[in-house]
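Please open the structure in your viewer and keep the selection tool at hand.

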Amino acid sequence: MPAEWAPHEATWLGWPHNRHDWPGKFAPIPWVYAEIVRHLGRSEIVRILVDDAAAELRARRDLGKAHVTTDGLEFFHIPTNRGWTRDSGPMFALGRDGASHLLDWRFNAWAKYSDWELDDAVSARARGKLRLPFVRPQRDRRRIVLEGGSIDVDGAGLMLTTEECLLSDVQARNPGFTRSDYEAVFLEYLGIEKVLWLGEGIAGDDTHGHVDDIARFVGPGTVVAAVERDPRDPNHARLADNLRRLRRATDRAGRRLTVVPLPMPAPVIFAGRRLPASYANFYVANRCVLVPTFDDPNDRLALATLARLFPGRQVVGIHAVDLVWGLGTLHCLTQQQPAAP
């Protein structure tokens, strides 16, 4: 599986339609998506999942109102339960021949929600439209549950993930799976030769520990790690533990990683609920890096940090205070399709 900063053929998005994901706050969400599409469409194809022709028409209308050109957009009529494409949409890896392969992991709505059948079928339905080699990862004849937000790779055989997400007893993703089971699966299907296991995710994350809110590869041997300076915040201890683990970690050659701290925004709370606001949920596209912002003084620090780490790309803040009410932001919504070398 290539790193996210490797060249993309396209980015996949699921156009928002489930109002229950943003209860009482759905109205601004299509406008946030329009901004995402505006920036992505300048350098790569944007492939958008919609339920049907009527849904495509509504999406085109919203994009038109925001003066977003639809050139370079491709709409796929594939119905979904939700729009969190990172976790439920197709994932891609390169075969030994250099061709893209579509990976169809099983999706069970983070072992939390009852409506997931449409999302689980997205990759199989995309297969017929893309005509790519198709792989359905299995172990002991059982399909493997894996969400894209639970892993992050450097494209050279190294992966980040968390114990909370994949190994916790409360998660009914792959009952009975051990650390070594996961590592064997990652080697077989993603070419991962070394897994760096972090501990817990951030407060408010209903996926129970997705790594894309806490630590991300930003280049060969370099990782950003979310840090919380306030010792009274529940994120302080867990992020400090992850930072210690990363500073002790080495790459496949035994070299220490370069670990760059990334600040956290102040807590974002709505209707009495702590939301998973994190700058680590950025998305790396061909010519830009889209970063969630939260009307917080640390917005500028996070943007400046990522701008230094991605000097060849434009770093763009996307207002995510409304978006995070859906319990995810930019990385959760997007999935990259790598370009064949």
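In this predicted model, 13 aromatic pairs are present. Select phenylalanine 270 and tryptophan 325 to view one of them: the two rings are arranged edge-to-face, with 4.6 Å centre to centre and 70 degrees between the planes. This pair links distant parts of the chain, 55 residues apart. Phenylalanine 270 belongs to strand β15 (residues 269-270), while tryptophan 325 sits in the loop between β19 (314-319) and α10 (330-333).

Are these two residues buried or exposed? Phenylalanine 270 has 32% relative accessibility and therefore counts as partly exposed, since that term covers values between 20% and 50%. Tryptophan 325, at 11%, counts as buried. Next, select Trp12, Phe76 and Phe92, which together form one aromatic cluster.

Proceed to the strands β2 (residues 45-50) and β3 (residues 73-77). They pair in the parallel sense, over five bridges. Within this pairing, look for arginine 47, which stands opposite glutamate 74 in β3.

The following stop is an open sheet of three strands, in the order β9-β10-β11, with mixed pairing. Why is one side of β9 and of β11 left without a neighbour in the sheet? β9 (152-153) and β11 (194-198) stand at the edges, and each has a single partner strand, so one side of each remains without a neighbour there. Select β9 together with strand β10 (residues 158-162) to see antiparallel pairing over two bridges. Here valine 153 is placed opposite methionine 159 in β10. Then display helix α7 (residues 179-190), which lies across β10 and β11 and runs at about 135 degrees to β11.

To close, select leucine 246 and show its surroundings. Which residues does leucine 246 touch, not counting residues up to four places away in sequence? They are Leu160, Leu198, Ala215, Val223, Ala225, Leu257 and Val259.

Note on methods. Residues are numbered from 1 along each chain as its sequence is written. This is a predicted model: local features need pLDDT of at least 70, side-chain atom pairs count only at pLDDT 80 or more; totals for chains, interfaces and linings use all residues. Side-chain values use heavy atoms; hydrogens and water are left out. Contact means heavy atoms within 4.5 Å. Two strands pair if DSSP finds at least two bridges between them. Helices (H or I, at least four residues) and strands (E, at least two) are DSSP runs, numbered from the N terminus. Axes are lines fitted to C-alpha atoms, for helices over the stretch in contact, and angles run from 0 to 180 degrees between N-to-C directions. Rings of Phe, Tyr and Trp (its six-membered ring) pair if their centres lie within 6.5 Å; planes under 30 degrees apart count as stacked, over 60 as edge-to-face and the rest as tilted. Buried means under 20% relative accessible area, exposed over 50%, partly exposed in between (1.4 Å probe, protein chains only).
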